[in-house]
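Subject: Structure handover, salt bridges

Hello,

Please find the structure below. My notes on its salt bridges follow.

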Amino acid sequence: MLKIAAEGIAPRLAACCSIGAKSSGQRMAPQAARGTQKYLSQSQHLHKKLVIKDHYEFDQKVINSDNPVIVNFHAEWCDPCKILTPKMLELLENSNEIDLAVIDVETNLDLVETFEVKAVPAVLAFRNGVVVDKFIGLVDANSIETLIDKLKRKQQQKQ
């Protein structure tokens, strides 16, 4: 499991966040300085992160992509999602052949229904417009690396 104990949210990760079960407590004020650090450290990764706002964008950026795309269905109220997305960005930092698309489940209900997303975070791996792998919930870095390596190997075989 990711080293999340230091974040103080380990007890809330016992169960996967179900869609519709919003967290009522948000701890933002004490972490303002750390939030700024996260923003600055993630800014170098923004070219890898595709934010999908509707079905049309999904078709253009994921289905029609020449690169494999890891699609992360997330929600702002989901604590595991706040850990998983930065971790995936970090692991994809040195990979030019795989993109990360982030979809907010609250604003993209049609995509949630299309891909039958029942809980967040939900991650689907696409190659040539087809789902080739998926996982639900917060997973360790090794599982994410395995998924990335699998997509890279298939991409290299294609070339």
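This is a predicted model: local features need pLDDT of at least 70, side-chain atom pairs count only at pLDDT 80 or more; totals for chains, interfaces and linings use all residues.

A salt bridge here is a side-chain nitrogen of Lys or Arg within 4 Å of a carboxyl oxygen of Asp or Glu.

Residues are numbered from 1 along each chain as its sequence is written, and side-chain values use heavy atoms, with hydrogens and water left out.

Helices (H or I, at least four residues) and strands (E, at least two) are DSSP runs, numbered from the N terminus. Buried means under 20% relative accessible area, exposed over 50%, and partly exposed in between (1.4 Å probe, protein chains only).

Within helices:

- K61 and E57 form a salt bridge at 3.8 Å, N to O. They lie 4 residues apart in helix α2 (residues 55–63), so about one helical turn separates them. K61 is partly exposed, at 32% relative accessibility.
- K87 and E90 pair at 3.2 Å, N to O. Both belong to helix α3 (residues 79–91), 3 residues apart, which again is about one helical turn. E90 is partly exposed, at 44% relative accessibility.

Between elements:

- D133 and K150 form a salt bridge, with their closest N and O atoms 3.2 Å apart. This pair links distant parts of the chain, 17 residues apart: D133 is in strand β7 (residues 130–136) and K150 in helix α5 (residues 141–158). D133 is partly exposed at 26% relative accessible area, and K150 is partly exposed at 31%.

Regards
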